[in-house]
Amino acid sequence: MKLALYQGPSPQGDSAEALQRVERILASAALSGVGMVVFPELFLPGYNQMQSPHFEVQAVGGTWEQALSTMAAKYHCGLCIGWAEQADGNIYNAASCFDAMGAKLAHYRKQHRYGPVEKSVFAAGGSDCVFEWNGIKAAMLICYDVEFAHRVRALREMGVALLLVPTANPIAFHKVSDVLVPARALENRMTIVYANFCGMENGLTFGGRSTIVGPDGVPLATAGVGEALLIVDLGSIEQIDPSSLSTQLEDLSG
């Protein structure tokens with residue numbers, strides 16, 4: 001069972017270009033037998049567009065989600081992607097996940113907003129999101145959420161083994177992908193897919209370094225600072241030596 005993440009530049013407010021790129025990436029991933037691709041945070045319409053007067057937002061079930069569902073079904077490749085959602089008079093930093101038939105598996109709203117700009121634009125999400133994908137219990141978090149150990153631990157206690165994390169991490173914060181994500185994966189015996197932007201958007205430089213980390217805390221694949229499509233076979237996790245896995249989950253209550 002193959003899973004991928006896409007690291008690339010922001011669409012910079014051009015949602016039509018963003019959707020075209022999603023289609024190109026899904027078509028390419030499908031040729032390699034990938035069942036799911038994870039894209040960055042707010043890929044629609046771009047992360048550092050929040051203060052633009054033309055910042056585009058949509059409701060659940062709008063044209064963005066309809067297009068994403070159609071593309072997933074067309075290429076028989078699911079996707080998880082971040083986007084700007086409008087609901088009940090609020091704007092949410094959200095993410096949706098679709099399976100290879102185009103069915104919507106889950107929808108999540110970022111709970112921990114980073115910095116004054118995010119807090120001024122987005123309302124906080126209020127609930128976790130757990131779902132099944134190909135027999136695996138999975139969940140989504142968005143960017144800053146994964147840096148809170150208790151948030152990831154709560155998902156593990158719900159049985160989550162695969163965590164999908166769209167992110168928009170700046171260049172100065174490489175310790176998140178290099179240290180914190182592997183730590184979250186190791187201490188919770190969880191596979192984490194952390195999909196970041198690269199390049200620059202409105203003066204903000206993204207750090208790249210997207211990563212897929214196994215439950216032993218060892219990266220299965222890691223990107224550099226440029227555009228990349230990382231593909232891993234989750235079957236390789238079955239070959240991990242059990243003695244290399246953390247026992248914190250048992251020892252915490254023991």
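Guide: What follows is a set of questions about salt bridges, each answered from its definition.

Guide: This is a predicted model, in which local features need pLDDT of at least 70 and side-chain atom pairs count only at pLDDT 80 or more, while totals for chains, interfaces and linings use all residues. Residues are numbered from 1 along each chain as its sequence is written, and side-chain values use heavy atoms, with hydrogens and water left out.

Visitor: Why is the contact of Lys74 with Glu23 called a salt bridge?

Guide: A salt bridge is a side-chain nitrogen of Lys or Arg within 4 Å of a carboxyl oxygen of Asp or Glu; the closest N and O atoms of Lys74 and Glu23 are 2.9 Å apart, so the pair meets that rule. The two residues are 51 apart, with Lys74 in helix H2 (residues 63-75) and Glu23 in helix H1 (residues 15-31), where helices are DSSP runs of H or I with at least four residues, numbered from the N terminus.

Visitor: What makes Lys74 exposed?

Guide: Exposed means over 50% relative accessible area, buried under 20%, and partly exposed in between (1.4 Å probe, protein chains only); Lys74 has 52% and is therefore exposed, whereas Glu23, with 25%, is partly exposed.

Visitor: How do you know whether Arg151, which pairs with Asp128, is buried or exposed?

Guide: Arg151 has a relative accessibility of 14%, so it counts as buried, while Asp128, at 26%, is partly exposed. Their closest N and O atoms are 3.6 Å apart.

Visitor: How many salt bridges does this rule give?

Guide: The count comes to 10.
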